[in-house]
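This briefing is meant for a reader meeting the structure for the first time. Please look over the sequence and the model before turning to the points below.

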4 protein chains.
Amino acid sequence: MARAVNAGHCEGLRLDPAVREDARRRLLSLRGHVDGILRMLDNEQVYCVDVLKQVKAVNGALNRVGELVLRSHLQEHVSTAAQRGDTHHLVDELMELLKYR
Amino acid sequence: MARAVNAGHCEGLRLDPAVREDARRRLLSLRGHVDGILRMLDNEQVYCVDVLKQVKAVNGALNRVGELVLRSHLQEHVSTAAQRGDTHHLVDELMELLKYR
Amino acid sequence: MARAVNAGHCEGLRLDPAVREDARRRLLSLRGHVDGILRMLDNEQVYCVDVLKQVKAVNGALNRVGELVLRSHLQEHVSTAAQRGDTHHLVDELMELLKYR
Amino acid sequence: MARAVNAGHCEGLRLDPAVREDARRRLLSLRGHVDGILRMLDNEQVYCVDVLKQVKAVNGALNRVGELVLRSHLQEHVSTAAQRGDTHHLVDELMELLKYR
C-alpha cells in the first residue's frame, strides 16, 4: 500500500490549476506593492512607521497566498494521504512549514 | 514641551539613511524571490509544498526588513519620545503595528 | 460514502490517548509556569521585560501543546478524511484555527 | 550621561502597579482556562479540534497580557531611554523578545 515518495518531488501531487492561477494573480499584485515600498524608500523624508505599515500589508497579502495554497494542499493531498500511504511524509512536511509561521 | 504630531506625517522622524538603503537592498532581493515563485507557478507540475516553502522564505525576508526598520525606529524615535513629548502617539502606532504580526 | 458530521461533535474522531496524556502533562507544567509569573507579579520591583520573557516562554510551551495535537489530528483524522467523506468540514475547521496563530 | 545597566536587573525600571494588577488578574483567569483544558483532557472522547480551539483561546489571552506589559514598558521606559542613556540595552532586549512572537 505504501508508495515511495521523494521529498520535494511528489509526482501526481500537483497544485490545483485554479489555485495556481489565483496565487499567480495575487503574487503579481504583491510584487507591485513591493515596488511601491521601494519608491517610498526613494524619499529621504520617509517615516519608519509608514514603511512598517506597508511591510505589514505585504505580509498579509503573502499570508493569504500561503493560506490559499495550504487549503488546497489539505483538501487535495493531505485528506487522501491514507489512501496513497504517504501520510507520514505529508504531515512531517506540513508541521515543518507551520513552525514560526 | 508637547509637540503636535500629525498621524502619518511626523516631520523630523525620518528613517535613518543607512537603514533605508539596507531595506531597499533587501526588498529588491525579495522582489526577485517573488519573481522566482511566479516562475515556479508557470510549471503545471508544481507541488503545493514547494510553493509554500518559498512563500515562507519570502515571509522571513520581509520580517527581517520589518525588524530592521522597527529597531531603527525604537532606537532613533521611540527612545527620544519623552524629550519631544509625542510618546502616546508613537506607542499607540507601534502597538497597532505589532498586533497579529 | 459521505457521513454527516456535527460541527464540534465528531464521534470517532477522538484525540489519540498517548497524545492526550502528553498534552495533559505539558499543560500541568505550563500551569506551574503561570503560577511562577503570578509570584513574580507579587514583587513590586518586577521589571517589565522579565515578565515579558516569562509570558513568551509560556507561549512557546502552549504552542508545543498545539503542535502536538495538530500533528496527531493531521495524522489520524485529516489524512483519512477522503475515506470518511468529511474533508470539507475538517479543512474549514483547520484553516479557521490556523489564522492568526 | 550613560548609566550602567545590568541585564535583567534594571533598578528603577519597575512595572507600573496598575498594569501589574491587571496582568495578575488576567493570568489568574488564564490559569482557570488552562484548568478547563485539563478537565477536557480527562474525557476520552475529546475531539482534537476542540482542544486546539481552547489552546488558541489561551494563547490569545496570553498575548493580551504581553501587549499590556509591552505597552507599559514602551510608555514608561523605552520612551525615556535617551534621557537615562540605556537605549541600546532596552532596544536589544525588545528586539530579542519580539522575534518569533
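Predicted model: local features only at pLDDT ≥ 70, side-chain atom pairs only at ≥ 80, totals over all residues.

- L13(B) lies in the segment that comes before α1 (17-40) of chain B.
- With a relative accessibility of 3%, L13(B) counts as buried, because buried means under 20% relative accessible area.
- Although L13(B) and H77(B) are 64 residues apart along the chain, their C-alpha atoms are separated by 6.6 Å.

**The helix α1(B)**
- At the start of α1(B), the backbone nitrogen of A18(B) has a side-chain oxygen of D16(B) within 3.1 Å.
- The 24 residues of α1(B) reach 35 Å from the first C-alpha to the last, which is close to the 34 Å expected at 1.5 Å a residue.
- Several residues of α1(B) are buried, among them V19(B), A23(B), L27(B), L30(B) and V34(B).
- The cover over the buried residues of α1(B) includes both α1 (17-40) of chain A and α2 (48-76) of chain B.

**How the two chains are related**
- Chain B is superposed on chain A, with an RMSD of 0.0 Å, by a rotation of 180° with 0.0 Å of shift along its axis.
- The two copies are therefore related as by a two-fold rotation axis.
- Because 100% of the interface residues of chain B are also interface residues in chain A, the copies meet through the same surface.

Conventions
Residues numbered from 1 in each chain as written. Chains lettered and ligands numbered in written order. Heavy atoms only, no water. Helix = DSSP H or I, 4+ residues; strand = E, 2+ residues; numbered from the N terminus. Buried < 20%, exposed > 50% of the residue type's maximum accessible area, 1.4 Å probe, protein only. Least-squares fit on C-alpha atoms with pLDDT ≥ 70 in both. Contact = heavy atoms within 4.5 Å. Expected span 1.5 Å × (residues − 1). Polar contact = N/O pair within 3.5 Å; in protein donor to acceptor, adjacent residues only side chain to side chain.
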